[in-house]
Amino acid sequence: MKKALLSVSDKEGIVEFAKELENLGFEILSTGGTFKLLKENHIKVIEVSDYTQSPELFEGRVKTLHPKIHGGILHKRNDENHKKQAKEHNIEGIDLICVNLYPFKKTTIMSNDFDEIIENIDIGGPAMIRSAAKNYKDVLVVCDILDYENIIEALKKGRDDEKFRLGLMIKAYEHTANYDSYIANYMNERFNGGFGESKFIVGQKVFQTKYGENPHQKGILYQFDNFFSHNFKTLKGEASFNNLTDINAALNLASSFGKAPAVAIVKHGNACGFAIKEDLLQSYIYALKCDSISAYGGVVAINGTLDEILARKINEIYVEVIIAANVTDEALAVFEGKKRIKIFTQENPYLMRAYDSYDFKHIDGGFVYQNSDEVSENELKNAELKSEKKASENELRDLEIALKIAALTKSNNVVYVKNGAMVAIGMGMTSRIDAAKAAITKAREMGLDLEGCVLASEAFFPFRDSVDEANKVGVKAIVQPGGSIRDDEVIKAANEYGISLYFTGIRHFLH
């Protein structure tokens with residue numbers, strides 16, 4: 001008779017799975033709470049300690065770590081020497097292992113009690129999963145609740161062949177690797193400030209993109225903690241690799257102002273439009289004015305509901321992607337005839353970020369890893385006034401917008417904002433003065449009046465020339481980190497022109 005060992009922390013669906021196995025002629029072995037649940041549901045089940053004739057020891061720390069269990073899993077059924085040893089030691093085959101692990105991650109979220117956390121590090125479970133995976137040709141290894149139905153169907157129809165088992169084996173090692181990685185990362189977070197001798201970056205596949213950055217590259221979206229599964233729904237089209245990186249930039253910016261009706265337009269990872277006006281329609285109209293040329297084929301992020309009126313306005317030009325907190329049916333219908341546009345939603349009242357604690361970037365041969373950068377809520381409030389003139393309340397609101405855009409834009413950059421809307425931006429330049437001049441040139445091309453705007457820079461002005469340029473177009477207030485050896489010259493220039501100047505002391509390079 002075939003044997004199945006079921007020992008799960010998450011017991012959803014386990015009774016139904018056990019009943020199906022029993023109907024297929026499996027003898028069921030189990031432990032602890034799983035055994036009790038199966039017994040209560042009238043399933044014929046043998047407790048592991050009775051099967052091994054060895055009691056559970058050390059508060060359950062040792063129960064399945066026994067030769068009758070691991071020998072039953074690991075011995076090769078077509079190896080005569082293995083079969084002989086199994087017979088000599090009264091070890092019978094165990095043909096299916098169904099295990100999901102102690103909820104270590106959940107425990108770390110719910111409790112800071114280190115003793116409790118340690119007790120939720122599973123030992124026997126990963127050992128059984130790894131053993132069964134190693135002997136996958138002879139043993140079915142089950143660690144995912146979502147596989148129960150598929151496995152029963154395969155057993156009933158005789159489709160549990162080596163290829164099928166191979167898929168379960170790979171998933172099993174992914175599962176234990178994920179589990180151990182989380183434990184190692186948690187320990188380093190708790191005791192080493194998050195930076196240990198090793199760092200494990202683990203994600204779950206969401207979907208494959210059509211290709212990577214270019215057609216000859218393969219691309220896949222992986223997620224942390226089911227973020228995209230819960231906060232990303234496709235309404236129209238297919239997200240490409242490049243779409244996803246641009247969506248990330250646009251969403252991060254549009255969601256940076258709480259519930260404000262913010263609209264961000266992004267092209268190749270950088271903002272080319274942003275505004276917060278009285279409603280989303282007006283925000284989009286003003287965001288588009290900044291650089292309607294670059295907005296063509298770009299990504300629009302909407303911090304709220306995409307309704308029919310806004311959809312019709314967006315539909316006047318070609319944008320490739322829209323990401324909105326939510327989308328009405330009437331708005332979706334506006335784009336029905338447009339084959340190239342892609343529309344995604346989070347189905348939330350406002351756009352949500354994951355706020356990952358850490359950031360990393362691949363470099364050839366490895367990756368560099370760091371704490372994530374954010375503009376703190378009080379960064380501008382705590383900024384030091386360096387000029388004789390203070391900014392007005394309206395200018396301070398614009399400075400906050402400009403500062404956040406600058407922090408999310410490739411260095412070197414400068415950002416000009418007027419009355420809640422970005423009116424010029426220069427980014428990714430090798431010198432800050434070039435960024436300033438490029439922004440002003442683009443604004444002139446767009447017919448925008450910069451008189452009365454404010455300016456933010458993500459890093460210090462090395463010379464006064466950026467202030468000189470700012471004065472030429474009517475900038476009234478500037479925020480920057482400060483820290484140049486020529487800060488005195490920069491402050492002097494601001495005072496000469498009557499420009500308000502604030503130093504935050506915090507740089508926001510983005511490379």
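**Cavity, pockets, rings and backbone**

Visitor: Which residues line the largest cavity?
Guide: This is a predicted model: local features need pLDDT of at least 70, side-chain atom pairs count only at pLDDT 80 or more, and totals for chains, interfaces and linings use all residues. Residues are numbered from 1 along each chain as its sequence is written, and side-chain values use heavy atoms, with hydrogens and water left out. A cavity is a set of points, on a 1 Å grid over the protein atoms alone, where a 1.4 Å probe fits but cannot get out, and a lining residue has an atom within 4 Å of a point. The lining consists of Ala 249, Leu 253, Val 266, Gly 269, Ala 271, Ile 405, Leu 408 and Thr 409.

Visitor: What is the volume of the largest cavity?
Guide: Grid points are joined across faces, edges and corners, and a volume is the space filled by probe spheres set on the points. The structure holds one cavity of 30 Å³ or more. The volume of the largest cavity is about 30 Å³.

Visitor: How many charged residues are in the lining of the largest cavity?
Guide: Asp, Glu, Lys and Arg count as charged; Ala, Val, Leu, Ile, Met, Phe, Trp, Tyr, Cys and Pro as nonpolar; and the others, Gly among them, as polar. The lining has six nonpolar and two polar residues, and the number of charged residues is none: no charged residues.

Visitor: Which element gives the largest share of the lining of the second largest pocket?
Guide: A pocket is an open set of grid points with protein on both sides within 12 Å along at least five of seven lines, and the second largest pocket has a volume of about 1,900 Å³. Its lining has 43 residues, with Lys 105, Asn 178, Tyr 182, Gln 204 and Asp 225 nearest its centre. Helices (H or I, at least four residues) and strands (E, at least two) are DSSP runs numbered from the N terminus, and those that give two or more residues to this lining are H6, H10, E6 (204-208), E7 (220-223) and E14 (358-363). The largest share, eleven residues, comes from H10.

Visitor: Why is the pair of Phe 104 and Tyr 186 classed as it is, and what is the class?
Guide: Rings of Phe, Tyr and Trp (its six-membered ring) pair if their centres lie within 6.5 Å; planes under 30 degrees apart count as stacked, over 60 as edge-to-face and the rest as tilted. By this rule there are 16 aromatic pairs. Because the centres of Phe 104 and Tyr 186 are 5.6 Å apart and the planes stand at 85°, the class is edge-to-face.

Visitor: Which ring has a charged end over it, that of Arg 340?
Guide: A charge sits over a ring if NZ of Lys or CZ of Arg is within 6 Å of the ring centre and within 35 degrees of the ring normal. Lys 199 lies over the face of Tyr 358, 5.5 Å from the ring centre, and Tyr 358 belongs to a cluster of ring pairs with Phe 195, Phe 360, Phe 367 and Tyr 369. For Arg 340, at 4.3 Å from the centre, the ring is that of Tyr 318.

Visitor: In E21, what is the bridge partner of Leu 385?
Guide: Two strands pair if DSSP finds at least two bridges between them. E21 (residues 500-503) has Ser 500 and Tyr 502 pointing one way and Leu 501 and Phe 503 the other, all buried. E20 (residues 477-480) pairs with E21 in the parallel sense over four bridges, whereas E16 (residues 384-385) runs antiparallel to E21, with two bridges. The partner of Leu 385 is Tyr 502.

Visitor: Which residues does a cis peptide bond join?
Guide: Most residues other than glycine have a negative phi, and most peptide bonds are trans. His 42 has a positive phi near 60°, and Tyr 355 has a positive phi of about 55°. The cis bond has an omega of about -15° and joins Ser 411 and Asn 412.

Notes
Buried means under 20% relative accessible area, exposed over 50%, partly exposed in between (1.4 Å probe, protein chains only).
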